[in-house]
Amino acid sequence: MPEGYGWFDLWVNEGTPATLADLEDHGEVFEPASSANVNLGFTQAEAWVRFRLRYAADDDRQLSLVLPKPLIDHVELVALHDGS
């Protein structure tokens with residue numbers, strides 16, 4: 001896991017729910033996270049997080065995404081491979 005912060009980008013969408021296609025058209029809405037521990041408080045907004053994983057094709061490690069926030073209502077993971 002990367003040390004410190006700045007290894008992921010964040011977009012907090014308080015408007016109309018966004019789709020992946022919206023983000024492909026307007027990816028500039030993301031900004032580098034300003035902290036390793038993002039605290040959005042209580043909000044109805046969508047929080048989109050973008051990060052990259054790079055590993056060799058023959059790497060057999062299993063990866064886990066851990067979200068230690070028990071008050072999160074919904075999480076979707078979208079994995080794009082080779083930019084698609």
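Which residues make a nonpolar surface patch of about 1,100 Å²? The tour returns to this question at its last stop.

**Before starting**

This is a predicted model, in which local features need pLDDT of at least 70 and side-chain atom pairs count only at pLDDT 80 or more, while totals for chains, interfaces and linings use all residues. Residues are numbered from 1 along each chain as its sequence is written, and side-chain values use heavy atoms, with hydrogens and water left out.

**Stop 1: the whole chain**

Display the chain as a cartoon. One helix and three strands are present, and from the N terminus on they follow the order β-α-β-β. Helices (H or I, at least four residues) and strands (E, at least two) are DSSP runs, numbered from the N terminus.

Next, show the surface. The chain exposes about 7,800 Å², of which carbon and sulfur atoms supply 51%; accessible areas come from the Shrake-Rupley method with a 1.4 Å probe, and for residues only the protein chains shown count as cover. Of the 84 residues in the chain, 12% are buried. Buried means under 20% relative accessible area, exposed means over 50%, and partly exposed lies in between (1.4 Å probe, protein chains only).

Contacts describe the chain in another way. Among those with a separation of 6 or more, 64% are between residues 24 or more positions apart; a contact means heavy atoms within 4.5 Å.

**Stop 2: the sheet**

Select the three strands. They form an open sheet in the order β2-β1-β3, with antiparallel pairing. β2 (31-32) and β3 (46-50) stand at the edges and have a single partner strand each, so one side of each is left without a neighbour in the sheet. Strands of a sheet pair through backbone hydrogen bonds, either parallel or antiparallel. Here, two strands count as paired if DSSP finds at least two bridges between them.

Now select residues 9-13, which are strand β1. Four of the five residues of β1 are buried, so this strand is largely enclosed by the rest of the structure. Towards β2, the antiparallel pairing of β1 runs over two bridges: Leu10 stands opposite Glu31, and Asp9 has Pro32 as its bridge partner.

**Stop 3: Leu40**

Select Leu40, in the loop between β2 and β3. Is Leu40 buried or partly exposed? At 36% relative accessibility, Leu40 counts as partly exposed. Leaving aside neighbours within four places in sequence, Leu40 is in contact with Val12 and Ala47. The C-alpha atoms of Leu40 and Val12 lie 8.7 Å apart, although the two residues are 28 apart in sequence.

**Stop 4: the aromatic rings**

Show the side chains of Trp11, Phe30 and Trp48, which form one aromatic cluster. The structure holds two aromatic pairs. Rings of Phe, Tyr and Trp (its six-membered ring) pair if their centres lie within 6.5 Å; planes under 30 degrees apart count as stacked, over 60 as edge-to-face and the rest as tilted. In the pair of Trp11 and Trp48, the ring centres are 6.4 Å apart and the planes stand at 35°, so the pair is tilted. This pair links distant parts of the chain, with Trp11 in strand β1 and Trp48 in strand β3, 37 residues apart. Trp11 is buried, at a relative accessible area of 18%.

**Stop 5: the salt bridges**

How many salt bridges are there? The count comes to two, where a salt bridge is a side-chain nitrogen of Lys or Arg within 4 Å of a carboxyl oxygen of Asp or Glu.

Select Asp9 and Arg50, whose side chains meet in a salt bridge at 2.9 Å, N to O. Asp9 lies in strand β1 and Arg50 in strand β3, so the pair ties together parts that are 41 residues apart in sequence. Arg50 is partly exposed, with a relative accessible area of 36%.

Then select Asp59 and Arg61, where the closest N and O atoms are 2.7 Å apart. Asp59 is partly exposed at 23% relative accessible area, whereas Arg61 is exposed at 57%.

**Stop 6: the nonpolar patch**

Finally, select Trp7, Val49, Phe51, Leu53, Tyr55, Leu63, Leu65, Leu67, Ile72, Val75 and Leu77, which make the nonpolar surface patch of about 1,100 Å². Patches are made of residues with over 30% relative accessible area and no salt bridge: like charges are joined within 9 Å, nonpolar side chains (Val, Leu, Ile, Met, Phe, Trp, Tyr) within 5 Å. Val75 is placed in the segment after β3 and is partly exposed, with a relative accessible area of 47%.
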